Amino acid sequence: MVQLSLKNIQKQYNESIIAINNVNLEIEDKEFLVIVGPSGCGKSTLLKLIAGLEPVTDGEIYFNRQLINHLPPQKRDVAMVFQNYALYPHLTVFDNLAFTLKRSKIPKQEIKQRVESIASMLNLQLYLHKKPHELSGGQCQRVVIGRAIIRQPSFFLMDEPLSNLDAQLRLQMRVEITKLHKELESTFLYVTHDQTEALTMATRLVVMNEGTIQQVGSPEEVYNKPSNLFVAGFIGSPPMNFFEATINENVIQIGENSFEIPDKHRGKLQNKREVIIGIRPEHFHLNLTHSIIFHVNIDRSEFMGTENYVYATYNNQPLITRLPLNAPLLNSIQLSVQMEHVHFFDKETTNRISIEECR
Ligand SMILES: Nc1ncnc2c1ncn2[C@@H]1O[C@H](COP(=O)(O)OP(=O)(O)OP(=O)(O)O)[C@@H](O)[C@H]1O
């Protein structure tokens, strides 16, 4: 069942700023959809349009097949959690959680029950009598989430809710929000510029850039088959390596180096064309059993605990790879890459060229 449909959504702030450009998206019931993209790509604007905080310039928003363009925010069955905590500083955690219920004239006993149940779900029982300034950042953020949950909406909109937390708390809250999604069986639309959050939390991922959707898919699809150069470079850390290349008669030419395309892939990329080749840092290997060999010069390495990030130069271009701790870090080494791990993008359109589709 589709819960929310966005049809040809356009949002223009003034003559020159098109924040959202013809976005079409269907959000399924109970999914955890994450919108990820760089600063200014339109993520928050899209949430504001769905919440009704901003009017659309063009297009339609349907909630459970009902057109809701004209509905004010309070009439939309959505709860929004923003990046800044915005708790009432003079109220206790209990009263912050109870605030909207009190305004709705819900009986006192029911309010108490609901607050206690949410507090136990979010591990806040011991803090109900405290004021926000007596809480840690993570505890405050749990209260903010609790305040949204207590309204029992069927749809949550979360705009970078973890961006003010330190790394350890972010990790903890990531797990808690994912758990909450399972427990509440609600639909979550979650916005972040942090790709780790996006990859680990999403059941489905939407990658945006400059007001448009670049790719929609599972985290695995987006990581393994990025639809264009932008997605390939944005998702993955350290980022994918790119090299300009020419393909001609089953030979890939990168600068002065050329590689034969292995037999089983021959003919699939047969026409002469200019491409950008992409290779993820983890796909370079020290053993030279794979068909594509890179001679690289190592510039420096970073110890990352379980592996080294190695910064090198290939063909006068920078290259990043991840190598085991016991790898010999000589000035000059050879690395091999499996053909299946080479991504091809059209140099002009920047779109992915799929080897499978070139049969
Ligand atoms: N009220 C506004 N008036 C004019 N321009 C705006 C307004 N709000 C946002 N914009 C512009 O619209 C574009 C999209 O902004 P938006 O806040 O949606 O991006 P974002 O992806 O959420 O960025 P961030 O990750 O930095 O929060 C930006 O160019 C921004 O400057």
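Of the contacts in the protein chain between residues at least 6 apart in sequence, 65% join residues at least 24 apart; two residues count as in contact if their C-beta atoms, placed from the backbone, lie within 7 Å. This is a predicted model, in which local features need pLDDT of at least 70 and side-chain atom pairs count only at pLDDT 80 or more, while totals for chains, interfaces and linings use all residues. Residues are numbered from 1 along each chain as its sequence is written.

Eight helices and 20 strands make up the secondary structure of the protein chain. Helices (H or I, at least four residues) and strands (E, at least two) are DSSP runs, numbered from the N terminus. The C-alpha trace spans about 75 × 45 × 35 Å along its principal axes. Of the 359 residues in the protein chain, 33% are buried. A residue is called buried if 20 or more other C-beta atoms lie within 10 Å of its own, exposed if 12 or fewer, and partly exposed in between, with C-beta atoms placed from the backbone.

## Two domains

The domain assignment gives domain 1 (2–233) and domain 2 (238–358); such bounds come from an automatic or database domain assignment. Taken over C-alpha atoms, the centres of domain 1 and domain 2 are 38 Å apart. Eight residues from domain 1 and nine residues from domain 2 take part in the contact. On the side of domain 1 that touches domain 2, there are four nonpolar, three polar and one charged residues. Here Ala, Val, Leu, Ile, Met, Phe, Trp, Tyr, Cys and Pro count as nonpolar, Asp, Glu, Lys and Arg as charged, and the others, Gly among them, as polar.

Pro 238 sits in the loop between α8 (229–234) and β11 (241–248).

## How α2 meets α4

Helix α2 (residues 93–103) packs against helix α4 (residues 137–149) at an angle of about 25°, and their axes are 8 Å apart. Axes are lines fitted to C-alpha atoms, for helices over the stretch in contact, and angles run from 0 to 180 degrees between N-to-C directions. The two helices α2 and α4 are therefore roughly parallel to each other, a label for angles under 35 degrees. Val 93, Asn 96, Leu 97 and Phe 99 of α2 meet Val 143, Gly 146 and Arg 147 of α4. By class, this contact of α2 with α4 has four nonpolar, two polar and one charged residues.

Leu 101 is also part of helix α2. With 19 C-beta neighbours inside 10 Å, Leu 101 counts as partly exposed. Leaving aside residues up to four places away in sequence, Leu 101 touches Ile 106, Ile 111, Arg 114 and Ile 150. Leu 101 and Arg 147 are 46 residues apart along the chain, and their C-alpha atoms are separated by 9.6 Å.

## Positive phi outside glycine

Asn 8, in strand β1 (residues 2–12), has phi near 45°, a positive value in a residue other than glycine. Asn 8 is exposed, with 12 other C-beta atoms within 10 Å.

Lys 105 is not a glycine either, yet its phi is positive at about 60°. You will find Lys 105 in the loop between α2 and α3 (108–121). Lys 105 is exposed, with 6 other C-beta atoms within 10 Å.

Notes: Parallel < 35°, antiparallel > 145°, perpendicular 65-115°, else oblique.
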